[in-house]
Amino acid sequence: MSHNNKIANRKDIAINKLKSLGERIIEEINQNNVPALKVPSRGTSNIIYDEDKRYYVLGDRYGQRSLGNVKQIPKIAQMVYVANFCKDLVRRGKTATLREMYYVSEGWDVDFGDQQESNIVGEDLEVTLGMTREDLGLMPEEDGASVYGNLIMKEDDVEINALRLGKSGYTISPTIDDVEFLDHDVDKVIAVETMGMFHRLVQEEAYKKFNCLIVGLKGQAARATRRFLRRVNQDLNLPVYICNDGDPWGFHIAMVIISGSAKLAHVNHDLATPDAKFLGVTASDIINYDLPTDPLKDIDVLRLKELSKDPRYRDEQWQMEIKKMLKIGKKAEQQSFSKYGLEYVVDTYLPEKLDAM
Amino acid sequence: MVEREAAELFEEFKELTASEFFRRNKQMLGFSGKIRSLTMVFHELITNSLDACEEAGIQPDITIDLKRLDKDHYILKHTDNGPGIPEAYITKVYCTMFAGSKFRNIQSRGQQGLGCSGCVLLSQMTTGKPAKVVSGYYEGGKDKGLKGVELTFKMDVKKNQGLILDRKEAEVTQTGVSIELHFKDVSYSLSEQGAFEYIRRTMIANPHAKIKFRDPTGQIFIFDRATDVIPPLPKEVLPHPRGVTADDLIFMAKHTDKRRFRSLLTSSLSRMSTKRVNEIEEETGIDLNKRPRDMKWEEAEQIVELFARMDFMAPPTSGLIPIGKEQIDKGIREILNPEFAATTSRKPKTYRGGVAFVIEAGISYGGDSGRLVGEQKKAEIMRFANRVPLTFDQGSCAITEALKSIDWKRYGIRDLDNAPITVFVNIVSTNVPYLSTGKQSVAPEPEILHEVRQATMKIARNLQKYIRAKRAAKEEAMRSKIFENLVPVIIREAAVLAETDVPEYDSVLAKVTRRAKFENIPLESEEGEDES
């Protein structure tokens, strides 16, 4: 199936699913029943870590939205309105941000108290239909990561080469699912936490040295970034390596890419990349490379202890690294390798770590 | 230093008459402060009129006209339709202190016998002007015709009697008294302590009366009677042994016509049987067959001490005339026009072991209940003793203390101070235990506190039911409205979504709105949903 067909197919599925939501209600009315929708629960007790899939999924508990319940009926009304709004978006090939939808809703016969409320209804629709909000035409506000390297993509009729877009590379669009991968000649992906490190790798021509795509995550990875990483991993069979700061926050940025977040459990099947690997900076690296460090703050220690209990960190290697960091009481940034010269990270650190993988 | 001998010193020694004493101590009559002074004048004149009418079996009809001549200078004209006062008694009533019929053990509004003469005294002291009284009355049978007289007089404080300045025959059309007094150093106020509020409260506790009041701005307020029932006259009851002091016994002994102390006890005290008298004789060893005049103070003390240890039946309550549950209800509805009112009248109880009292309470919600302070309705407490509003010293009063000790949250009132509520409490007794001479607050006797609490909590439960039902009805209306608004919207949008026509949905709408009427507690079936 060509990419265009795939896109068209996704669109059809979205429209059909939205339509069926309306049909379910009308059908109940025709049978003189009080319509009710089952919405999978997103409460913490219904978010389960799936050991086989290696990411969070929703359990099988659900909440009811009944037309006959005074508290639930406004939510049904909001949901039906949002569904119509989305169907129109998908049909016209447009997207809107949640903020835009919130403003559009001013003209509806049902209110949203605030944007948070309309966001929740958007999520209700995602879980009820089992589709991501991007599939429904609702886009996140922020752009994704930067990508540098020899990857050729096609968006609408425009061909994009991530190697020919200047030193800042290609910015992953929120509409990444509409982008088709045409060609590439790389054999891995290296994602780094900061744009500082991204530019270091670009300048040192790491893309040539390691024959890779360089991805600058800009902190916690946006949905589009995670979707992109999953697609290059799954569709192009490229291994993904992540190199972050050596602290609990860096660890977790990697982990959300690998195993998904609890909050987005309902769409993790489209976002998580369970095979992605964390390169560093690890506590062992801090010791082995004798890196300049900062002492752990109270909040770092607290976070490390939380992580040690998180099912996603159950792996022996992770447990050992967390313990070690708590023991040395120190953390280090990725850029601290420049202690040994700017080129050190590309010339020495990355090759050694990649070899060890 | 020149020494002065006693005789010389005692040349200056004078006997003070009651009038002279109160002229020097007018605050003891309640005349302290400009607002309070005027309220006390209203109090004395109104209670006098009400008492007079009731004694004569007349439905009270009072007209009060208050004119302001100058800042703090007023003329008050107070007219009633009572039996009137025979000419010979007019100056006695208005000029002699401690005259009157109120020195019996009887439930009455006033208890000092200072009232009317006090008003005349205040008028005279602040303005120097005489009082003018017109009295219409029958004397020696109705067939002799209605007499009318107009007297202008001053009070001779040194002699404690009246000084008539002018006398005229007056044309009168009915019985009753009209008195005109000038006042300075008083002030008309709409505050809780002011004269207007005093009238309003009086009307709640006396729904059988009618008062027409013209205020200094010329506005006329008519407080109509809410019932035609004139309260029965309270009967005099003998004091209960537990309620008397050694001094009372000696006083009785001096003024009795009985020849033996034994018979004085049985005839002057209630619940005093021959058996009890014998017990007293046995316990104290006092010869009770001696003449009452021979009773010594120490013996009287001994007997009173024994009374406290003896078991007596509770005092008779026939002397207590409560307003009654229905009458309070009528008064509240007439004056406060409430959304909801509940009233109760408790059974008689005693305090200090020997004084009978009855607590009556009413609670009024919404309408004109509560006091409007700015934009906010505040709860108000209306205290009464024998139907007379107590307007001062609220803080120290047993009624206030009891009401504040109630946990109002239990009755669905989250914040009593800021609720549109009036709480009415009346204590009925031959002997209301006042805290001070001003007679504005009731002493916190444990039995009184208990009764006020019980009475109020009982009616608060009724109020709670009402508030609950009201809330439920409001909620239900809101819920029905939600369904009526949203069901058509959802079905329309669902039809657009499904790309079909809008189906017939009347029966489903009827189903959900009807269901809403039966479910009182909103369904919380969001199982495990915490939207985090």
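User: A nonpolar core is a set of buried Ala, Val, Leu, Ile, Met, Phe, Trp, Tyr and Cys residues joined through C-beta atoms within 7 Å. With that in mind, which residues of the largest nonpolar core touch the most other members?

Analyst: Bear in mind that this is a predicted model. The largest nonpolar core has 94 residues, and those that touch the most other members are B:Val41, B:Val120, B:Phe357, B:Ile363 and B:Val452. Among the elements, helix α3 of chain B, residues 34-56, gives the most to this core, with nine residues. Because domain 1 (18-223) and domain 3 (325-466) of chain B both give residues to it, this core lies between the two domains. Apart from it lies another core, of 69 residues, which includes A:Phe210, A:Phe228, A:Ile253 and A:Leu350.

User: Leaving aside neighbours within four places in sequence, with which residues is B:Ile363 in contact?

Analyst: With those neighbours left aside, B:Ile363 is in contact with B:Ala341, B:Ala342, B:Ile421, B:Val423, B:Ile459, B:Ala460 and B:Leu463.

User: Turning to the sheets, in what order do the eight strands of the open sheet in chain B stand?

Analyst: In chain B the order of the eight-stranded open sheet is β5-β4-β3-β6-β2-β1-β7-β8, and its pairing is mixed. The edges are held by β5 (161-169) and β8 (220-223) of chain B, each of which has a single partner strand, so one side of each is left without a neighbour in the sheet. From one strand to the next, the twist averages 15°. Helix α4 of chain B, residues 87-95, packs on this sheet and touches β3 (131-137), β4 (147-156) and β5 of chain B, while its direction makes about 140° with that of β5(B).

User: How many bridges join strand β2 of chain B to strand β6 of chain B?

Analyst: Seven bridges join β2 (residues 73-79) to β6 (residues 176-184), both of chain B, and the two strands run antiparallel. Within this pairing, B:His73 stands opposite B:Lys184 in β6(B).

User: And which strands stand at the edges of the open sheet in chain A?

Analyst: That sheet of chain A is open and mixed in its pairing, with six strands in the order β10-β7-β13-β12-β14-β15. At its edges stand β10 (170-171) and β15 (277-280) of chain A, each with a single partner strand, which means that one side of each is left without a neighbour in the sheet. Inside the order given, β12 (residues 188-192) and β13 (residues 212-216) of chain A pair in the parallel sense over five bridges, and the bridge partner of A:Lys188 in β13(A) is A:Cys212.

User: How many residues of chain A are in contact with chain B?

Analyst: An interface is read by counting the residues on each side, then asking which elements and classes supply them. Here 37 residues of chain A are in contact with 34 residues of chain B. On the side of chain A that touches chain B, the elements giving two or more residues are α1 (3-30), β4 (62-66) and α2 (73-92) of chain A. By class, that side has 17 nonpolar, 13 polar and seven charged residues.

User: Finally, what does the secondary structure of chain A come to, and what does that of chain B come to?

Analyst: Chain A comes to 13 helices and 17 strands, whereas chain B comes to 14 helices and 16 strands. Buried residues make up 45% of the 357 residues in chain A and 40% of the 532 residues in chain B. Among contacts between residues at least 6 apart in sequence, those joining residues at least 24 apart amount to 73% in chain A and 72% in chain B.

How values were computed:
Residues numbered from 1 in each chain as written. Chains lettered and ligands numbered in written order. Predicted model: local features only at pLDDT ≥ 70, side-chain atom pairs only at ≥ 80, totals over all residues. Pairing = 2+ DSSP bridges. Helix = DSSP H or I, 4+ residues; strand = E, 2+ residues; numbered from the N terminus. Axes fitted to C-alpha atoms, helices over the stretch in contact; angles between N-to-C directions. Contact = placed C-beta atoms within 7 Å. Buried ≥ 20, exposed ≤ 12 C-beta atoms within 10 Å, placed from the backbone. Nonpolar A, V, L, I, M, F, W, Y, C, P; charged D, E, K, R; others polar. Domains from an automatic or database assignment.
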